[in-house]
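Here are a few notes to read alongside the model.

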Amino acid sequence: MSKCRPHYHSPKKEEYAHIKFDLDADLTSLFNWNTKQLFVWVTAKYPSRVASEPPSQAIIWDAIISSESQKKPSTPFTLYSYLTTPTKPSLKARRPSKSKQAVELPSGLVRLKNSKPKYQITDISGQLSGTSNVTLQIGWNVQPWVGALTWTMAEESSWARWRGIKGGASEAFDMPSLKVKGVNQEVVKGSGKPEKAAEASPIVK
């Protein structure tokens, strides 16, 4: 948690939350011959300060996962290069560097451990500290080569060969509190123990 001005001319400070998370998702079943790419996001959902209003939601992370055909698109130029006699790569090019030997997961598999958020979040009231019953939820949008977009479906719903998401939500947790230490200075108030990262482990079949 941190507290600062949203912009230089703002007379009031607002609280911002930086939520680290774990994500283990298998979205491979969403890819087929007509899938161009998949847009995935993680949303922080928490109760509004007014009981009659719906829960507040804010995206903390998102990513675009390209299909295998999108990663290596086939064009007339690639066909021409395939038919022509390829040149032998140099010895240096055939030796992969140690820095580039990262494991590449198949399209649809997401493995994140204690990942930093892409976006910090705040509330319209400017207060987030002490907020309870916060959960992280994953969502997706299938973008096909041809046809309509398909959005996240509930667990019991289905459309054609696709089934609704299973899991996809973390256990509820509480935001830490802020305590004033000095003039124009705020620090995080905690119990001295590190906060456990919220986990979301969706499985889509």
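1. Thr35 sits opposite Pro144 of E7. Strands here are DSSP runs of at least two residues, numbered from the N terminus. This is a predicted model, where local features need pLDDT of at least 70, side-chain atom pairs count only at pLDDT 80 or more, and totals for chains, interfaces and linings use all residues. Residues are numbered from 1 along each chain as its sequence is written, and side-chain values use heavy atoms, with hydrogens and water left out.

2. E4 and E7 are antiparallel and joined by 10 bridges; pairing requires that DSSP finds at least two bridges between two strands. E4 also pairs with E5, again antiparallel, over 10 bridges, and there Gln37 has Ser66 as its bridge partner.

3. Of the 12 residues of E4, 9 are buried, so the strand is largely enclosed by the rest of the structure. Buried means under 20% relative accessible area (1.4 Å probe, protein chains only).

4. The largest nonpolar core has 29 residues, and Leu38 and Trp61 are among those with the most contacts inside it. E4 gives the largest share, 5 residues. Such a core is a set of buried Ala, Val, Leu, Ile, Met, Phe, Trp, Tyr and Cys residues joined through side-chain atoms within 4.5 Å.

5. Please look at Glu15, in strand E2 (residues 14–16). Its side chain reaches the backbone nitrogen of Leu128 at 2.6 Å and that of Ser129 at 2.7 Å.

Terms used. Buried means under 20% relative accessible area, exposed over 50%, partly exposed in between (1.4 Å probe, protein chains only). Helices (H or I, at least four residues) and strands (E, at least two) are DSSP runs, numbered from the N terminus. A polar contact is a pair of N or O atoms within 3.5 Å; within protein, one must be able to donate a hydrogen and the other to accept it, and residues adjacent in sequence count only if both atoms are side-chain atoms.
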